[in-house]
Amino acid sequence: MLLLIALILLLVFWALRSGGGGGDDDPAGHDDGAGGGPAESITPGPTPSESLIDERPGGRDESPSDDDTEDGSGDTEGANGDGGTGTEATDPGVGGADTGGGAAAGTGGGGLDPAALSECVPAAVSLSLSSDANDYAPGEEPELLLTVENTSDTACRVDFGHEALTVTVADRADDQVWSSDDCPTGAGSIPAAVPANGTATHTVTWDRRHSTQDCDGGAGPEAAGGTYLAEAELAGHPVVQTPFSLDED
């Protein structure tokens, strides 16, 4: 009897143990399943987070890099395309020097042919008169320089001959001392080219003597020391002036 009871208890214990084991296995299975559930939610969790990390730094680094590269190459091409600059130099035309109010042959600037050019219009040029010094010692002859500056993009022609140009010198009292119109020498017409955006200069040298209309009577007396005003009038253009001084003996 005791043996039977012991056998029954053993069977019950074994059955319970087997059931408990199955329970352990089932929970294990459930744990695996449950673990699979959380694992699936947890595992994909890192995967999106990892993909987001990859996308954020990687995407930003790659996109800006590409953009930067494209922008940089575009800027370089733009700089190369816009670079470069260009400069235009013109040599001034210089007229001949005159003595005693006469006019020597002038030359145009840049090797241009004055005959092939149109006459300069006042709106396209500006004139200036200057002396090569402010003060002249006794015996030094003042040189008066008439400069025509062409402010247009087209070369033109002026005439420095005595028929078109008159230069006068007056003293402090505004009395005329000398005029290139008195017994003029040299050519009546001296055409000179003025380059586009360039200049042409004509020089007249005064011999320091009073001029006279009596061309057969010889040169007038020498001018006294003091301040003088030179004036140049080129036909069709405004009058220009410049002062200078002759030192006393």
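1. Disulfide pattern. Counting bonded cysteines along the chain, the disulfides of the protein chain follow the pattern 1-2, 3-4. The structure holds 2 disulfides, a disulfide being a pair of cysteine sulfur atoms within 2.5 Å. Such a link is a covalent bond between the sulfur atoms of two cysteines.

2. Basis of the note. This is a predicted model, in which local features need pLDDT of at least 70 and side-chain atom pairs count only at pLDDT 80 or more, while totals for chains, interfaces and linings use all residues. Residues are numbered from 1 along each chain as its sequence is written, and side-chain values use heavy atoms, with hydrogens and water left out.

3. Cys120 and Cys156. These two cysteines form a disulfide with their sulfur atoms 1.9 Å apart. The link of Cys120 and Cys156 is right-handed, with 90° about the S-S bond. The pair links distant parts of the chain, 36 residues apart: Cys120 is in the loop between strand 1 (93-99) and strand 2 (125-131), and Cys156 is in strand 5 (residues 156-159). Strands here are DSSP runs (E, at least two residues), numbered from the N terminus. Cys120 is buried at a relative accessible area of 5%, and Cys156 is buried at 6%. Buried means under 20% relative accessible area, exposed means over 50%, and partly exposed is in between (1.4 Å probe, protein chains only).

4. Cys183 and Cys215. A disulfide joins Cys183 to Cys215, with an S to S distance of 1.9 Å. The torsion about the S-S bond of Cys183 and Cys215 is about -105°, so this disulfide is left-handed. Cys183 lies in the loop between strand 7 and strand 8 and Cys215 in the loop between strand 9 and strand 10, so the pair ties together parts that are 32 residues apart in sequence. Cys183 is partly exposed, with a relative accessible area of 25%.

5. An open sheet of 5 strands has the order 3-11-10-6-7, and its pairing is mixed. Its edge strands are strand 3 (135-136) and strand 7, each of which pairs on one side only. Two strands pair if DSSP finds at least two bridges between them.

6. Strand 6 and its partners. Strand 6 (residues 165-170) pairs with strand 10 in the antiparallel sense over 6 bridges. Val169 has Ala230 in strand 10 as its bridge partner. Strand 6 and strand 7 also run antiparallel, joined by 3 bridges; here the bridge partner of Thr168 is Ser179 in strand 7. Strand 6 and strand 7 form a hairpin with 5 residues between them, and Asp174 in the turn has a positive phi of about 70°.

7. Nonpolar core. Which residues have the most contacts inside the largest nonpolar core? They are Phe160, Trp206 and Phe244, in a core of 32 residues. Strand 10 gives the most to this core, with 4 residues. A nonpolar core is a set of buried Ala, Val, Leu, Ile, Met, Phe, Trp, Tyr and Cys residues joined through side-chain atoms within 4.5 Å. Leaving aside neighbours within four places in sequence, Trp206 is in contact (heavy atoms within 4.5 Å) with residues including Val169, Val177, Trp178, Tyr228 and Phe244.

8. Salt bridge. The count comes to 1 salt bridge, where a side-chain nitrogen of Lys or Arg must be within 4 Å of a carboxyl oxygen of Asp or Glu. The side chains of Arg208 and Glu222 meet in a salt bridge at 3.7 Å, N to O. Both Arg208 and Glu222 lie in the loop between strand 9 (199-205) and strand 10, so the pair ties together parts that are 14 residues apart in sequence. Arg208 is buried at 2% relative accessibility, whereas Glu222 is partly exposed at 43%.

9. Two loop residues. Ser180 is in the loop between strand 7 (176-179) and strand 8 (191-194), and Ser180 is buried with a relative accessible area of 5%. The C-alpha atoms of Ser180 and Thr166 are separated by 5.7 Å, although the residues are 14 apart along the chain. His237 is in the loop between strand 10 (226-234) and strand 11 (240-246), and His237 is buried at 11% relative accessible area. Not counting residues up to four places away in sequence, His237 touches Cys120, Val121, Pro122, Val125 and Leu127.
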